[in-house]
Amino acid sequence: MTSNNDILFARAQKSTPGGVNSPVRAFRSVGGTPRFISRAEGPYIWDADDRRYIDYIGSWGPAIVGHAHPAVIKAVQDAATRGLSFGAPTEGEILMAELICQLMPSIEQVRLVSSGTEAAMSALRLARGATGRDTIIKFEGCYHGHADSLLVKAGSGLLTFGNPTSAGVPEDFAKHTLVLDYNNPQQLEDTFREIGNKIACVIVEPVAGNMNLLPATPEFLHTMRRVCTQYGAVMILDEVMSGFRVALGGAQSLYGIQPDLTVLGKVIGGGLPVAAFGGRADLMQHLAPIGGVYQAGTLSGNPVTVAAGLATLKLVQAPGFYEALGAQTSKLVQGLTAAAQEAGIAFSANSVGGMFGLYFAAEKPQSYTEMMKCDVANFNAFFHAMLDAGVYLAPSAFEAGFVSAQHDDAIIDATLQTARAAFAQLARR
Ligand code: KE4
C-alpha cells in the first residue's frame, strides 16, 4: 500500500525543489521518503499515514517544552486575535528584549529578526561596520545559516582564504572568510599573531551541533576571548542552537565566557520564526537608525512570534527545568551506549543539556576530522530501523538530536527498547 508520505513527496517535488523548503528535510543523506508531519504534541509527531513517532528533532531545537504546549498555543491564539503584524513597535518586543538581556547578561542590547541566518548575517555586518575590518574567521564544521560570507570552506593553507561551499557565492565574498579548525587554540592564536589587526570578528558555535554534537574545549573558547580582546576583534557566539538549550544562560554561562555579540534563534521563538543578535551596547549603537550599519526586517519582532517566544522562555525558567532536561538526555545517551555495547556495535554518544550526539565510532570524536570518520552506513541503517519502529532521529549522521521536557522516563525507556532491537539488527547485517 503506497504511503501518503510517498504520494505527498512525489507531489511536493513538482512544485518545490527537492520537495522541501530546507535541504536536510529531504532525507538525502539517509535515503528513503521524508515523513510529512500532520501534527505534533508533547514528545510525539504524526506523519501523513497517521503513524506516531517519538520525536528527537523537535524542529531542530525550538520544541524544548514539547510540541503544542497548551501555554504556548494559548499565547499564540491570544496574540493572533489582536492582529498578526503591524510593522510598528509593540510592547511585546520590549518584554522579549528585556528578558533576553536579563537571562544572558553579556547582551546589553538586542535586535530581533526572523531567522538564525539573518541574525548571524547581521552580526557579521555589525562587527565589520564597528571595526572597519573585512576579514572574518569561522570554523570547519560550524554552520551559521546560509549568508554568502558563511558558506565557505577552508582554504588550502592556514592563511589562505576560503572557497565557496555553494554555487552562487562569488569568490570575492569568500576571500574575506578564513576557515580554521574547531578546538584548535594554537592555530587560532597563530592566525591572530599573523593578521589579528585585520580581523573583524570570529564566529563560533560554542557547542557545535551542525557537524553532529561537538562541544568546544574551554581552552579553545578562552583563547578566542583573549585574542579577540587583544587585537580588537569582535567575538561572536552563535547560540542559535545552544542558547536556552544547554542551559538557561546558554553555553556562555557554562563556559563562563563573555562574548561581544551573541546570535540566538530556535528556542526563543518556541517554534515560530524569531531569532536575535545582541551584545555590547557600544557595538549595537552602530545599527540603524542611530548608526551607520543598516539592518531591517518587515516581520522582525512579529507580535505573534514574540508571544510564542515569551511563553516558551517563561516555561524554561521553571525551577529545575534544565537539571531535569539534562538528566533525561543523559539517561538516553547512557542507555543507547549500553545497548550498542550489548550488541557489539562500535558506538559512542555525548550530550550537553538537552542536546545530544550519536556517533558510530568507538570513541567520541574530538574534532571535525575525527567526526568525518564516523560510520555513516551504520548510522543510516540505525536511523531507518528506529524510524520504522516509531523513533524519529535527525536524518543525518552529522546533526545533533534534541530532547524536550515532555520526554519522560516512559518515553526514554521506550526509545531504549527500540534501540536494543535496532542495534541487534545492525549486528546481524
Ligand atoms: P536558520 O536560518 O535555519 O533559522 O538558522 C541558521 C542556523 C544558525 N546557527 C546555528 C548554530 C544553526 O544550527 C542554524 C540552523 N540549524 C539547522 C540545523 N542543523 C536548521 C535546520 C535546517 O537547516 O533546516
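Contact here means heavy atoms within 4.5 Å of each other. This is a predicted model, where local features need pLDDT of at least 70, side-chain atom pairs count only at pLDDT 80 or more, and totals for chains, interfaces and linings use all residues. Residues are numbered from 1 along each chain as its sequence is written, and side-chain values use heavy atoms, leaving out hydrogens and water.

**View A. Methionine 235 and what it touches.** Met235 sits in strand S12 (residues 234-238); strands are DSSP runs of E, at least two residues, and helices runs of H or I, at least four, numbered from the N terminus. Leaving aside residues up to four places away in sequence, Met235 touches Val202, Leu221, Met224, Arg225, Cys228, Ile257, Pro259, Asp260 and Leu261. Arg225 is 10 residues from Met235 in sequence, with 6.6 Å between their C-alphas. Met235 is buried, at 0% relative accessible area (buried is under 20%, exposed over 50%, partly exposed in between; 1.4 Å probe, protein chains only).

View B. Asn5, Phe9 and Ala12 are the buried residues of H1. They cover an arc of only 65° around the axis, so they share one side of H1 (the arc is that of the directions from the helix axis to the C-beta atoms). Over on the other side, Arg11, Lys14 and Ser15 are exposed. Strand S2 (44-47) is among what covers the buried residues.

**View C. Helix H6 (residues 185-195) packing with helix H7 (residues 218-231).** Their axes, lines fitted to C-alpha atoms over the stretch in contact, are 9 Å apart at an angle of about 10° (angles run from 0 to 180 degrees between N-to-C directions). That makes H6 roughly parallel to H7, the word for angles under 35 degrees. The contact includes Leu188 and Phe192 of H6, and Phe220 and Val227 of H7.

Definitions and conventions
Parallel < 35°, antiparallel > 145°, perpendicular 65-115°, else oblique.
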